[in-house]
Amino acid sequence: EKRKEALFKKDLLTWQCYAGMIESIIPIYFDGIHLGFFMMGQYRNEKKINRPLLLEYAKRFGAAEELIISYLKSPSFSEEQINDMQKFFKLIVKYIVSQNLIIIKSNLVLEKIINHARTHYDQQLSISEAARIAGRSTSTVSHLFTGILHKTFKQVMIELKMEKAEEFFKKEPDITVKEAAMRLGYDDPYYFSRVFKKRWGVAPSKFV
């Protein structure tokens with residue numbers, strides 16, 4: 001329930017548990033992708049003891065006296081200290097994400113495939129070959145592209161080639177359309193021209 005609330009809020013969520021202890025949860029995002037949650041808690045406000053809630057919990061599970069003694073021995077902090085702790089908690093989470101201390105394994109799979117496609121731009125990489133390179137099934141690779149990049153495998157491969165084509169025409173103004181197509185693994189320069197125009201809005205022969 002609290003995870004759902006934190007996801008809706010997209011921020012730190014704090015509450016008191018049945019035993020009257022303070023708990024907090026914050027959702028973790030990386031590149032807009034929800035990865036999971038961080039939690040901290042099991043401390044209390046030194047001045048705000050939720051006695052009715054504590055007694056209700058004690059009655060439910062028994063051993064009321066022992067429970068209350070344990071509760072009063074638990075770590076307690078002032079309101080100001082609690083606010084500072086929660087701010088620091090958010091700062092730690094932000095640092096962990098910003099420093100890439102959390103790595104998404106699925107992103108590593110995509111990175112491996114994309115790096116291969118960029119290095120071997122003269123080849124037409126199939127999804128089955130990409131799956132072999134990444135050590136995954138073709139369905140997994142397909143779902144990763146659509147789920148994370150929101151594009152199909154084929155769309156991404158074409159975009160990578162068109163980016164390389166743009167680089168050719170900018171660095172080598174005298175390069176022909178046929179030569180550029182051949183370098184990128186296209187046997188048909190007319191098909192290459194159509195794909196290029198669809199991507200950049202202008203024919204490769206007029207691209208400057």
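Which residues in H7 meet which residues in H8? The legends below begin with that contact, in a model that is predicted.

**Figure 1. Helices H7 and H8 pack against each other.**
Helix H7 covers residues 138-149, and helix H8 covers residues 153-171. Val141, Phe145 and Leu149 are the H7 residues of the contact, and they meet Phe153, Val156 and Met157 in H8. The helices pack at an angle of about 70°, with their axes 9 Å apart. That angle makes H7 roughly perpendicular to H8, because angles of 65 to 115 degrees count as roughly perpendicular.

**Figure 2. His150 lies in the loop between H7 and H8.**
His150 is not a glycine, yet its phi is positive, about 60°. Is His150 buried or exposed? With 64% relative accessibility, His150 counts as exposed, because the cut-off for exposed is over 50%.

**Figure 3. Helices H6 and H7 also pack against each other.**
Helix H6 spans residues 127-134. The axes of H6 and H7 are 8 Å apart, and the packing angle is about 95°. H6 and H7 are therefore roughly perpendicular to each other. On the H6 side the contact is made by Ile127, Ser128 and Ala131, and on the H7 side by Thr138, Val141 and Ser142.

The C-alpha atoms of Ile127 and Ser142 are separated by 7.7 Å, while the two residues are 15 residues apart along the chain. Ile127 is partly exposed, its relative accessible area being 27%.

**Figure 4. A salt bridge joins Arg132 and Glu129 in helix H6.**
Side chains of opposite charge can pair when their charged atoms come close. For Arg132 and Glu129 the distance is 2.7 Å, N to O. The two residues are three residues apart in H6, about one turn of the helix. Arg132 is exposed, with a relative accessible area of 57%, whereas Glu129 is partly exposed at 29%.

**Figure 5. A salt bridge joins Lys2 and Glu5 in helix H1.**
How many salt bridges does the structure hold? There are nine, and one of them is formed by Lys2 and Glu5. The closest N and O atoms of this pair are 3.7 Å apart, which counts as a salt bridge because the cut-off is within 4 Å. Lys2 is partly exposed, with a relative accessible area of 27%. Glu5 is also partly exposed, at 32%.

**Figure 6. Glu159 and Lys151 meet in a salt bridge.**
The N to O distance between these side chains is 3.0 Å. Glu159 is partly exposed, with a relative accessible area of 22%, and Lys151 is partly exposed, with a value of 31%. Elsewhere, salt bridges that share partners join Lys164, Glu167 and Lys171 into one network.

**Figure 7. Lys164 is found in helix H8.**
Is Lys164 buried or exposed? Its relative accessibility is 19%, so Lys164 counts as buried; the cut-off for buried is under 20%. Apart from neighbours within four places in sequence, Lys164 is in contact with Tyr121 and Leu184.

**Figure 8. Phe88, Leu91 and Ile92 form a nonpolar patch on the surface.**
Together these three residues have about 300 Å² of accessible area. Phe88 belongs to helix H4, which comprises residues 79-98. With 52% relative accessibility, Phe88 counts as exposed.

**Figure 9. Gln42 is found in strand E3.**
Strand E3 runs over residues 33-45. What is the phi of Gln42? The phi of Gln42 is positive, about 65°, although this residue is not a glycine. Gln42 is partly exposed, with a relative accessible area of 45%.

Notes
Residues numbered from 1 in each chain as written. Predicted model: local features only at pLDDT ≥ 70, side-chain atom pairs only at ≥ 80, totals over all residues. Heavy atoms only, no water. Patch = residues over 30% accessible without salt bridge, like charges linked within 9 Å, V, L, I, M, F, W, Y side chains within 5 Å. Areas by Shrake-Rupley, 256 points an atom, 1.4 Å probe, with all protein chains shown as cover. Helix = DSSP H or I, 4+ residues; strand = E, 2+ residues; numbered from the N terminus. Buried < 20%, exposed > 50% of the residue type's maximum accessible area, 1.4 Å probe, protein only. Axes fitted to C-alpha atoms, helices over the stretch in contact; angles between N-to-C directions. Parallel < 35°, antiparallel > 145°, perpendicular 65-115°, else oblique. Contact = heavy atoms within 4.5 Å.
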